[in-house]
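Subject: Structure for you to look at

Hello,

Here is the structure I said I would pass on. Please open it alongside this email; my notes follow below.

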Amino acid sequence: MDDSQQAEDPELPDDDEQMDLFRQAVADARPLHSDLADTRKRPPAPRPLQLEADEQQVIDELLNLPTDLAGIEVGDEISYCRPGVQRRVMQRLRRGHFKPKAHLDLHGSTLRNASSELKSFLHSCKQRDISCVRIVHGKGRGSRHGVPVLKAAVDRWLRQRDDILAFSSAPSFDGGTGAVYVLLRKQP
């Protein structure tokens, strides 16, 4: 806009008035310390890659162990008692005197899913200081080979864990040979 247009339009402020308006508008502004913007991407949160790799290797090894399909039959009871656990404790577990405080149903799960669900479930129970749980593995009647593959796997997985004191097939009123009661070691 040139001076001739400004003189013609009485509503436009002159240069001095414009500077005064500008100074009033920026009176509260503070100068920046730097005029450079930080455009770097934030690094991702650290992940325990070695721990994840170790855990995956353990799962893969457990899943690749040959399952003895002839070892456990459909109606067989399974049980285990770690050395040092009193016989009376095992008897009470078999009879259902310990009431499970948490349950996990693995019916229809694949071995891989069952392994990770079992691991997660037991970890959660330890965190909540639960000492007796029930795990439903099924009797194996619907199995492709007619043998309880998941039942045999649960039996093997539980025996390999240090935090398991004992387990036994559940009483008939709570799943019988299709479920297992498990006693967990209390946390120190």
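In what sense do β1 and strand β4 pair, and over how many bridges? The two strands pair in the antiparallel sense, over three bridges; strands count as paired if DSSP finds at least two bridges between them. Cys81 has Ala166 in β4 as its bridge partner. Helices (H or I, at least four residues) and strands (E, at least two) are DSSP runs, numbered from the N terminus.

This is a predicted model, in which local features need pLDDT of at least 70 and side-chain atom pairs count only at pLDDT 80 or more, while totals for chains, interfaces and linings use all residues. Residues are numbered from 1 along each chain as its sequence is written, and side-chain values use heavy atoms, leaving out hydrogens and water.

The sheet is open, with five strands in the order β1-β4-β5-β3-β2 and mixed pairing. β1 (79-81) and β2 (102-105) stand at the edges with a single partner strand each, so one side of each has no neighbour in the sheet.

Helix α6 (residues 149-159) is largely enclosed by the rest of the structure, because 10 of its 11 residues are buried. Buried means under 20% relative accessible area, exposed over 50%, and partly exposed in between (1.4 Å probe, protein chains only). Among the buried residues of α6 are Lys151, Asp155 and Trp157.

Asp129 is in the loop between α5 (111-127) and β3 (132-136). Its phi is near 60°, a positive value in a residue other than glycine. Most residues other than glycine have a negative phi. Asp129 is partly exposed, at 48% relative accessibility.

Regards
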